[in-house]
Amino acid sequence: MKEFTNEELTKILANKVRELRVAKEKAEELNTRLQDSMAELEEAQDEMAKQRDHLQDNMSKLEETQQELAKQRDDLQVEIMRKTQEVLRSERLSAIGNLSARIAHDLRNPLSVIQSTSQMLKLKLEQNLDEKSLEQWARLDRAVYRMSHQLEDVMDYVRMSPLKKKDYSLCVILQDVVERIVAPEAATICLPQNDRSIFCDPEKLEIVFVNLLMNAIQALESKVGTVSVGIFDDPEDPGNVLVKISDTGAGIPDVIKEKIFEPLFTTKQVGTGLGLSSCKNIIEQHGGTISVSSMVGKGTTFTLKIPKKSEWDSLSKDDVIQTRQ
Ligand SMILES: Nc1ncnc2c1ncn2[C@@H]1O[C@H](COP(=O)(O)OP(=O)(O)O)[C@@H](O)[C@H]1O
Ligand SMILES: [Mg+2]
(Lines give C-alpha, C1' and ligand atoms only; values in the text may rest on other atoms or scores of the structure.)
(Ligands and ions follow the chains in the order given, each with its own letter.)
Protein backbone atom coordinates (compact mmCIF):
# COMPACT_ATOMS: atom_id res chain seq x y z
CA MET A 1 0.00 0.00 0.00
CA LYS A 2 1.16 3.42 -1.00
CA GLU A 3 2.19 5.62 1.81
CA PHE A 4 1.31 9.33 1.35
CA THR A 5 3.51 11.94 2.58
CA ASN A 6 2.03 14.68 4.62
CA GLU A 7 2.50 17.08 1.75
CA GLU A 8 0.62 14.82 -0.65
CA LEU A 9 -2.16 14.31 1.86
CA THR A 10 -2.54 18.05 2.34
CA LYS A 11 -2.73 18.51 -1.44
CA ILE A 12 -5.37 15.81 -1.83
CA LEU A 13 -7.38 17.29 1.02
CA ALA A 14 -7.04 20.77 -0.41
CA ASN A 15 -8.29 19.41 -3.77
CA LYS A 16 -11.18 17.69 -2.12
CA VAL A 17 -12.06 20.85 -0.17
CA ARG A 18 -11.99 22.84 -3.46
CA GLU A 19 -14.16 20.27 -5.20
CA LEU A 20 -16.57 20.37 -2.27
CA ARG A 21 -16.67 24.20 -2.35
CA VAL A 22 -17.38 24.16 -6.09
CA ALA A 23 -20.08 21.54 -5.54
CA LYS A 24 -21.51 23.66 -2.71
CA GLU A 25 -21.51 26.76 -4.91
CA LYS A 26 -23.23 24.80 -7.66
CA ALA A 27 -25.75 23.52 -5.17
CA GLU A 28 -26.32 27.07 -3.91
CA GLU A 29 -26.70 28.33 -7.47
CA LEU A 30 -29.11 25.53 -8.21
CA ASN A 31 -30.98 26.36 -5.05
CA THR A 32 -31.28 30.04 -6.03
CA ARG A 33 -32.45 29.07 -9.50
CA LEU A 34 -34.92 26.67 -7.96
CA GLN A 35 -36.19 29.41 -5.70
CA ASP A 36 -36.45 31.77 -8.67
CA SER A 37 -38.33 29.13 -10.60
CA MET A 38 -40.58 28.51 -7.63
CA ALA A 39 -41.31 32.24 -7.42
CA GLU A 40 -41.99 32.34 -11.17
CA LEU A 41 -44.23 29.34 -10.79
CA GLU A 42 -46.11 31.01 -7.97
CA GLU A 43 -46.48 34.15 -10.08
CA ALA A 44 -47.69 32.06 -12.99
CA GLN A 45 -50.11 30.31 -10.65
CA ASP A 46 -51.37 33.68 -9.37
CA GLU A 47 -51.72 34.90 -12.95
CA MET A 48 -53.63 31.72 -13.86
CA ALA A 49 -55.89 32.16 -10.86
CA LYS A 50 -56.50 35.76 -11.94
CA GLN A 51 -57.22 34.64 -15.50
CA ARG A 52 -59.58 31.97 -14.19
CA ASP A 53 -61.44 34.53 -12.07
CA HIS A 54 -61.55 36.85 -15.05
CA LEU A 55 -62.88 34.04 -17.21
CA GLN A 56 -65.50 33.19 -14.61
CA ASP A 57 -66.48 36.86 -14.46
CA ASN A 58 -66.75 36.96 -18.22
CA MET A 59 -68.76 33.73 -18.19
CA SER A 60 -71.22 35.10 -15.68
CA LYS A 61 -71.43 38.38 -17.62
CA LEU A 62 -72.06 36.37 -20.75
CA GLU A 63 -74.80 34.47 -18.95
CA GLU A 64 -76.30 37.76 -17.75
CA THR A 65 -76.14 39.18 -21.28
CA GLN A 66 -77.76 36.01 -22.58
CA GLN A 67 -80.54 36.32 -20.02
CA GLU A 68 -80.93 40.02 -20.82
CA LEU A 69 -81.10 39.21 -24.53
CA ALA A 70 -83.69 36.51 -23.91
CA LYS A 71 -85.71 39.00 -21.85
CA GLN A 72 -85.41 41.64 -24.56
CA ARG A 73 -86.52 39.08 -27.15
CA ASP A 74 -89.54 38.19 -25.00
CA ASP A 75 -90.32 41.89 -24.43
CA LEU A 76 -89.99 42.50 -28.15
CA GLN A 77 -92.38 39.67 -28.92
CA VAL A 78 -94.90 41.06 -26.42
CA GLU A 79 -94.42 44.56 -27.92
CA ILE A 80 -94.93 43.23 -31.46
CA MET A 81 -98.13 41.49 -30.39
CA ARG A 82 -99.31 44.64 -28.63
CA LYS A 83 -98.52 46.82 -31.66
CA THR A 84 -100.23 44.36 -33.99
CA GLN A 85 -103.32 44.45 -31.81
CA GLU A 86 -103.11 48.25 -31.68
CA VAL A 87 -102.93 48.46 -35.48
CA LEU A 88 -105.87 46.07 -35.82
CA ARG A 89 -107.77 48.06 -33.21
CA SER A 90 -107.01 51.40 -34.84
CA GLU A 91 -108.00 50.01 -38.24
CA ARG A 92 -111.26 48.81 -36.72
CA LEU A 93 -111.73 52.14 -34.95
CA SER A 94 -111.09 54.07 -38.12
CA ALA A 95 -113.63 51.91 -39.96
CA ILE A 96 -116.10 52.51 -37.13
CA GLY A 97 -115.18 56.23 -37.26
CA ASN A 98 -115.93 56.42 -40.97
CA LEU A 99 -119.19 54.57 -40.48
CA SER A 100 -120.30 56.79 -37.60
CA ALA A 101 -119.34 59.91 -39.56
CA ARG A 102 -121.57 58.73 -42.40
CA ILE A 103 -124.43 57.80 -40.09
CA ALA A 104 -124.10 61.12 -38.20
CA HIS A 105 -124.08 63.01 -41.48
CA ASP A 106 -127.09 61.10 -42.86
CA LEU A 107 -129.06 61.55 -39.64
CA ARG A 108 -128.55 65.31 -39.46
CA ASN A 109 -130.97 66.19 -42.25
CA PRO A 110 -133.94 64.05 -41.13
CA LEU A 111 -133.33 65.27 -37.60
CA SER A 112 -133.52 68.92 -38.60
CA VAL A 113 -136.76 68.06 -40.52
CA ILE A 114 -138.16 66.57 -37.27
CA GLN A 115 -137.01 69.68 -35.36
CA SER A 116 -138.55 72.23 -37.71
CA THR A 117 -141.75 70.21 -38.28
CA SER A 118 -142.17 69.86 -34.52
CA GLN A 119 -141.78 73.63 -34.10
CA MET A 120 -144.30 74.33 -36.88
CA LEU A 121 -146.86 71.87 -35.54
CA LYS A 122 -146.40 73.19 -32.02
CA LEU A 123 -147.13 76.74 -33.19
CA LYS A 124 -150.29 75.51 -34.92
CA LEU A 125 -151.57 73.21 -32.20
CA GLU A 126 -150.27 74.83 -29.01
CA GLN A 127 -153.64 76.40 -28.08
CA ASN A 128 -155.49 73.09 -28.31
CA LEU A 129 -153.02 71.05 -26.25
CA ASP A 130 -153.52 70.26 -22.57
CA GLU A 131 -150.67 70.61 -20.05
CA LYS A 132 -149.72 66.93 -20.21
CA SER A 133 -149.41 66.96 -24.00
CA LEU A 134 -147.36 70.19 -23.83
CA GLU A 135 -144.98 68.50 -21.36
CA GLN A 136 -144.71 65.48 -23.69
CA TRP A 137 -143.98 67.82 -26.59
CA ALA A 138 -141.27 69.57 -24.56
CA ARG A 139 -139.73 66.18 -23.79
CA LEU A 140 -139.72 65.40 -27.51
CA ASP A 141 -137.98 68.73 -28.20
CA ARG A 142 -135.37 68.08 -25.52
CA ALA A 143 -134.66 64.61 -26.94
CA VAL A 144 -134.24 66.01 -30.47
CA TYR A 145 -131.98 68.79 -29.13
CA ARG A 146 -129.84 66.23 -27.29
CA MET A 147 -129.62 64.03 -30.37
CA SER A 148 -128.53 66.90 -32.57
CA HIS A 149 -125.85 67.81 -30.01
CA GLN A 150 -124.57 64.27 -29.92
CA LEU A 151 -124.43 64.20 -33.71
CA GLU A 152 -122.50 67.51 -33.61
CA ASP A 153 -120.00 65.93 -31.17
CA VAL A 154 -119.47 62.94 -33.48
CA MET A 155 -119.14 65.15 -36.56
CA ASP A 156 -116.67 67.51 -34.80
CA TYR A 157 -114.60 64.55 -33.72
CA VAL A 158 -114.37 62.73 -37.02
CA ARG A 159 -114.08 65.82 -39.20
CA MET A 160 -110.31 66.43 -39.25
CA SER A 161 -110.47 68.90 -42.13
CA PRO A 162 -107.58 71.28 -42.90
CA LEU A 163 -107.59 74.58 -41.02
CA LYS A 164 -108.93 77.69 -42.71
CA LYS A 165 -106.81 80.25 -40.90
CA LYS A 166 -107.10 83.99 -40.71
CA ASP A 167 -106.31 86.74 -38.20
CA TYR A 168 -109.28 86.70 -35.87
CA SER A 169 -110.22 88.21 -32.52
CA LEU A 170 -110.56 85.69 -29.68
CA CYS A 171 -113.23 87.86 -28.03
CA VAL A 172 -115.40 87.80 -31.15
CA ILE A 173 -115.23 84.01 -31.23
CA LEU A 174 -116.06 83.81 -27.50
CA GLN A 175 -118.96 86.26 -27.89
CA ASP A 176 -120.42 84.18 -30.77
CA VAL A 177 -120.10 81.02 -28.68
CA VAL A 178 -121.80 82.51 -25.62
CA GLU A 179 -124.71 83.62 -27.82
CA ARG A 180 -125.02 80.08 -29.18
CA ILE A 181 -125.04 78.10 -25.94
CA VAL A 182 -127.90 77.78 -23.51
CA ALA A 183 -126.81 78.36 -19.92
CA PRO A 184 -129.03 78.04 -16.83
CA GLU A 185 -129.67 81.24 -14.84
CA ALA A 186 -127.56 80.01 -11.93
CA ALA A 187 -124.48 80.06 -14.14
CA THR A 188 -122.67 83.37 -14.58
CA ILE A 189 -120.35 83.54 -17.56
CA CYS A 190 -117.58 86.17 -17.36
CA LEU A 191 -115.81 86.98 -20.61
CA PRO A 192 -112.41 88.71 -20.70
CA GLN A 193 -112.12 92.50 -20.90
CA ASN A 194 -108.97 92.34 -23.01
CA ASP A 195 -108.57 90.73 -26.45
CA ARG A 196 -105.93 89.19 -28.70
CA SER A 197 -106.02 88.58 -32.41
CA ILE A 198 -104.48 85.28 -33.48
CA PHE A 199 -103.92 83.47 -36.77
CA CYS A 200 -106.43 80.64 -36.40
CA ASP A 201 -109.45 78.81 -37.79
CA PRO A 202 -112.28 80.63 -35.95
CA GLU A 203 -114.88 77.93 -36.72
CA LYS A 204 -112.67 75.25 -35.20
CA LEU A 205 -111.91 77.38 -32.14
CA GLU A 206 -115.67 77.88 -31.75
CA ILE A 207 -116.02 74.11 -31.43
CA VAL A 208 -113.31 74.16 -28.71
CA PHE A 209 -114.93 76.97 -26.72
CA VAL A 210 -118.45 75.49 -27.04
CA ASN A 211 -117.18 72.20 -25.62
CA LEU A 212 -115.15 73.75 -22.80
CA LEU A 213 -117.91 76.17 -21.80
CA MET A 214 -120.60 73.44 -21.95
CA ASN A 215 -118.44 71.14 -19.81
CA ALA A 216 -117.86 73.99 -17.33
CA ILE A 217 -121.59 74.76 -17.15
CA GLN A 218 -122.43 71.07 -16.74
CA ALA A 219 -119.81 70.83 -13.95
CA LEU A 220 -121.79 73.44 -11.97
CA GLU A 221 -124.54 70.78 -11.74
CA SER A 222 -127.31 73.44 -11.83
CA LYS A 223 -125.89 75.10 -8.69
CA VAL A 224 -124.99 78.78 -8.52
CA GLY A 225 -121.52 79.21 -9.94
CA THR A 226 -119.22 81.07 -12.26
CA VAL A 227 -117.50 80.22 -15.50
CA SER A 228 -114.79 82.73 -16.38
CA VAL A 229 -112.62 83.06 -19.42
CA GLY A 230 -109.28 84.88 -19.33
CA ILE A 231 -106.85 85.80 -22.11
CA PHE A 232 -103.16 86.21 -21.22
CA ASP A 233 -99.77 86.47 -22.88
CA ASP A 234 -97.68 83.37 -22.23
CA PRO A 235 -94.99 84.44 -19.70
CA GLU A 236 -92.71 81.70 -21.07
CA ASP A 237 -93.10 82.56 -24.75
CA PRO A 238 -94.46 85.88 -26.07
CA GLY A 239 -95.34 84.05 -29.32
CA ASN A 240 -98.17 82.22 -27.53
CA VAL A 241 -101.47 83.30 -26.11
CA LEU A 242 -103.01 81.55 -23.09
CA VAL A 243 -106.78 81.15 -22.78
CA LYS A 244 -107.99 79.95 -19.39
CA ILE A 245 -111.52 78.63 -18.87
CA SER A 246 -112.25 78.25 -15.17
CA ASP A 247 -115.35 77.02 -13.39
CA THR A 248 -116.40 76.77 -9.76
CA GLY A 249 -117.92 73.36 -10.40
CA ALA A 250 -117.51 69.83 -9.09
CA GLY A 251 -113.86 69.39 -10.11
CA ILE A 252 -112.19 66.31 -11.60
CA PRO A 253 -110.92 63.48 -9.34
CA ASP A 254 -107.23 62.65 -9.91
CA VAL A 255 -108.04 59.07 -10.97
CA ILE A 256 -109.91 60.21 -14.07
CA LYS A 257 -107.86 63.33 -14.86
CA GLU A 258 -105.56 61.55 -17.31
CA LYS A 259 -108.44 59.85 -19.10
CA ILE A 260 -110.61 62.85 -19.88
CA PHE A 261 -108.88 63.61 -23.21
CA GLU A 262 -109.36 60.03 -24.43
CA PRO A 263 -112.08 59.60 -27.07
CA LEU A 264 -115.31 58.10 -25.71
CA PHE A 265 -114.39 58.73 -22.05
CA THR A 266 -117.36 60.24 -20.26
CA THR A 267 -118.79 60.32 -16.74
CA LYS A 268 -122.12 61.71 -17.96
CA GLN A 269 -125.27 59.71 -18.62
CA VAL A 270 -125.85 61.36 -21.96
CA GLY A 271 -122.25 62.33 -22.75
CA THR A 272 -120.43 61.23 -25.88
CA GLY A 273 -116.93 61.57 -24.40
CA LEU A 274 -115.79 63.18 -27.64
CA GLY A 275 -115.75 66.88 -26.62
CA LEU A 276 -112.31 67.16 -24.99
CA SER A 277 -110.83 64.79 -27.52
CA SER A 278 -112.00 67.11 -30.33
CA CYS A 279 -110.65 70.14 -28.41
CA LYS A 280 -107.24 68.46 -28.08
CA ASN A 281 -107.16 67.56 -31.79
CA ILE A 282 -108.08 71.10 -32.86
CA ILE A 283 -105.64 72.84 -30.50
CA GLU A 284 -102.83 70.48 -31.55
CA GLN A 285 -103.71 71.15 -35.19
CA HIS A 286 -103.04 74.81 -34.37
CA GLY A 287 -99.64 73.83 -32.92
CA GLY A 288 -100.84 74.42 -29.34
CA THR A 289 -101.51 72.43 -26.18
CA ILE A 290 -104.41 71.94 -23.77
CA SER A 291 -103.94 71.17 -20.08
CA VAL A 292 -106.13 70.91 -17.02
CA SER A 293 -105.82 71.62 -13.31
CA SER A 294 -108.62 70.82 -10.93
CA MET A 295 -109.60 70.46 -7.29
CA VAL A 296 -112.56 68.31 -6.35
CA GLY A 297 -115.27 70.49 -4.83
CA LYS A 298 -113.48 73.73 -5.83
CA GLY A 299 -113.45 73.80 -9.63
CA THR A 300 -111.49 73.25 -12.78
CA THR A 301 -109.33 75.32 -15.11
CA PHE A 302 -108.54 74.33 -18.68
CA THR A 303 -105.58 76.19 -20.18
CA LEU A 304 -105.12 76.50 -23.91
CA LYS A 305 -101.72 77.56 -25.16
CA ILE A 306 -102.01 78.66 -28.79
CA PRO A 307 -99.31 80.17 -31.01
CA LYS A 308 -100.38 83.64 -32.12
CA LYS A 309 -98.86 82.79 -35.49
CA SER A 310 -97.64 79.27 -36.02
CA GLU A 311 -94.07 78.79 -37.29
CA TRP A 312 -95.47 76.09 -39.60
CA ASP A 313 -97.81 78.51 -41.35
CA SER A 314 -95.31 79.34 -44.04
CA LEU A 315 -94.32 75.68 -44.48
CA SER A 316 -97.66 73.91 -44.49
CA LYS A 317 -99.38 75.65 -47.38
CA ASP A 318 -100.66 72.30 -48.65
CA ASP A 319 -102.24 71.53 -45.30
CA VAL A 320 -103.57 74.92 -44.48
CA ILE A 321 -105.90 76.86 -46.69
CA GLN A 322 -104.83 80.35 -45.72
CA THR A 323 -107.41 83.07 -46.08
CA ARG A 324 -105.41 85.91 -44.54
CA GLN A 325 -107.12 89.25 -44.95
N1 LIG B 1 -115.06 71.52 -16.40
C2 LIG B 1 -115.13 70.24 -16.01
N3 LIG B 1 -115.37 69.93 -14.71
C4 LIG B 1 -115.43 68.66 -14.30
N5 LIG B 1 -115.30 67.59 -15.09
C6 LIG B 1 -115.07 67.82 -16.40
C7 LIG B 1 -114.97 69.15 -16.93
N8 LIG B 1 -114.74 69.05 -18.26
C9 LIG B 1 -114.68 67.74 -18.55
N10 LIG B 1 -114.89 66.98 -17.45
C11 LIG B 1 -114.88 65.51 -17.37
O12 LIG B 1 -114.31 65.01 -18.57
C13 LIG B 1 -115.20 64.07 -19.19
C14 LIG B 1 -115.04 64.11 -20.69
O15 LIG B 1 -115.51 65.32 -21.22
P16 LIG B 1 -115.93 65.42 -22.75
O17 LIG B 1 -114.83 64.83 -23.57
O18 LIG B 1 -116.34 66.80 -23.04
O19 LIG B 1 -117.13 64.42 -22.86
P20 LIG B 1 -118.63 64.57 -22.30
O21 LIG B 1 -118.84 66.01 -21.95
O22 LIG B 1 -119.51 64.10 -23.42
O23 LIG B 1 -118.68 63.66 -21.09
C24 LIG B 1 -116.56 64.46 -18.68
O25 LIG B 1 -117.47 63.37 -18.73
C26 LIG B 1 -116.27 64.93 -17.25
O27 LIG B 1 -116.18 63.80 -16.39
MG1 LIG C 1 -118.31 67.62 -23.16
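I count a residue as buried if 20 or more other C-beta atoms lie within 10 Å of its own, as exposed if 12 or fewer do, and as partly exposed in between; C-beta atoms are placed from the backbone. This is a predicted model: local features need pLDDT of at least 70, side-chain atom pairs count only at pLDDT 80 or more, and totals for chains, interfaces and linings use all residues. Residues are numbered from 1 along each chain as its sequence is written, and chains are lettered from A and ligands numbered from 1 in the order in which they are written.

Entry 1, helix 4. Helices (H or I, at least four residues) and strands (E, at least two) are DSSP runs, numbered from the N terminus. Helix 4 covers residues 202-219. I find 13 of its 18 residues buried, so by that cut-off helix 4 is mostly covered. After helix 4 comes E221, with a positive phi near 50°.

I looked up helix 3 (residues 170-180) against helix 4: the axes come within 9 Å and cross at roughly 50°. Axes are lines fitted to C-alpha atoms, for helices over the stretch in contact, and angles run from 0 to 180 degrees between N-to-C directions. Helix 3 and helix 4 are therefore oblique to each other (under 35 degrees is roughly parallel, over 145 roughly antiparallel, 65 to 115 roughly perpendicular, the rest oblique). Among the residues making the contact are I173 and V177 of helix 3 and L205 and F209 of helix 4; contact means C-beta atoms, placed from the backbone, within 7 Å.

I list six helices and eight strands. Of the 325 residues, 19% count as buried. The C-alpha trace spans about 175 × 45 × 40 Å along its principal axes.

How values were computed. The expected span of a helix is 1.5 Å times one less than its number of residues. Two residues are in contact if their C-beta atoms, placed from the backbone, lie within 7 Å.
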